[in-house]
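I opened the model and kept notes as I went. The entries follow the order in which I looked things up.

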Amino acid sequence: MTEPLLIDRTDAVVTLTLNRPTAMNAFDTAMKEALRDALAELESDRSCRAVVLAGSGGSFSAGQDLREHVRTLESSEGNPLDTVGTHYNPIVARLAGLAKPVVAAVGGMAAGAGASLAFLADIRVGGPATSFLMAFAKVGLAADTGASWTLPRLVGHAKAVELLMLAEPVRAAEAHQLGLLNRLVATDEEVLPAAQELAARLAAGPTVAYGAIKRQLSIADAGTLADALAAEAQAQSICGATADHRSATMAFVAKQKPVFEGR
């Protein structure tokens, strides 16, 4: 049986690859559970200092497996959208709260929950074939997998309404212009290597500070200036006590290159 999620470790970078290529990496129950559980393990894995999200077979993810969803609808057993609370919401919470950098290698199509998953990454890398499609309204659904939270923060409220209601594809160049992609590489073959190279660079950095930056921005996005200032004070208290801060400060004064250990 093919594993629905491939986990590769290279030094301090863990690559999670959605692996249902014949279904454009659509999320069935097995894949959702594998991703949810893998993210839970990475939360406390000190050997992992950066994460790459990718898809196999030329696509990132087509979103929810609608064939499986139809079977659920036809079974008339329970709420067919229980998967949002059981699978998607825990994935979102764990990914958004992961105190280490996350880079998405968005090769090919990212639709529905697949696009939402990519938007949860800190940095997204794409190529010429990359496209996003907020496909929820096409099947009579509202957004899920955190898209109602991430999308307005990436493109603004008005554009988020347009993308969610009209459900039109966003090609690579426009996605880059809108901020859905941080980096657009020249060929599709470069997407994953570029994402992994970027993740390796981040893994070698001050990962405690990166985690604090993620928390700061999350609080500031939804809070007041007072909330942001309190978060900054807390973050600097945490970061200021790290060995990374001390050694990097000493290295700066000595005009040496700092070495970060993530502690």
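I started at P128, which sits in the loop between strand 6 (123–126) and strand 7. I took helices (H or I, at least four residues) and strands (E, at least two) as DSSP runs, numbered from the N terminus. This is a predicted model: local features need pLDDT of at least 70, side-chain atom pairs count only at pLDDT 80 or more, and totals for chains, interfaces and linings use all residues. Residues are numbered from 1 along each chain as its sequence is written, and side-chain values use heavy atoms, with hydrogens and water left out.

I checked the exposure of P128. P128 counts as partly exposed because its relative accessibility is 48%. The scale is buried under 20% relative accessible area, exposed over 50%, partly exposed in between (1.4 Å probe, protein chains only). I then listed contacts (heavy atoms within 4.5 Å). Leaving out residues up to four places away in sequence, P128 touches A172, L184, V185, A186, T187 and D188. P128 and V185 are 57 residues apart along the chain, yet their C-alpha atoms are separated by 7.5 Å.

Next I traced the sheets. I counted two strands as paired if DSSP finds at least two bridges between them. Six strands make an open, mixed sheet in the order 1-2-3-4-6-9. Strand 1 (5–10) and strand 9 (183–184) are at the edges with a single partner strand each, so one side of each has no neighbour in the sheet.

I went through the pairs. Strands 1 and 2 run antiparallel and are joined by six bridges; I7 has L16 as its bridge partner in strand 2. The two strands form a hairpin with two residues between them, and D11 in the turn has a positive phi of about 55°. Strands 2 and 3 pair in the parallel sense over six bridges, with T17 opposite A54 in strand 3. Strands 4 and 6 are also parallel, over four bridges; V103 has I123 as its bridge partner in strand 6.

Strand 7 (residues 131–133) pairs antiparallel with strand 8 over two bridges. F132 is opposite V170 in strand 8.

Then I looked at the nonpolar cores (buried Ala, Val, Leu, Ile, Met, Phe, Trp, Tyr and Cys residues joined through side-chain atoms within 4.5 Å). The largest has 42 residues, and L16, L35, L117 and F132 have the most contacts inside it. Elements that each supply at least two of its residues include strand 2 (13–18), helix 1 (29–43) and helix 3 (82–96). A second, separate core of 15 residues includes A54, A105, V185 and A199.
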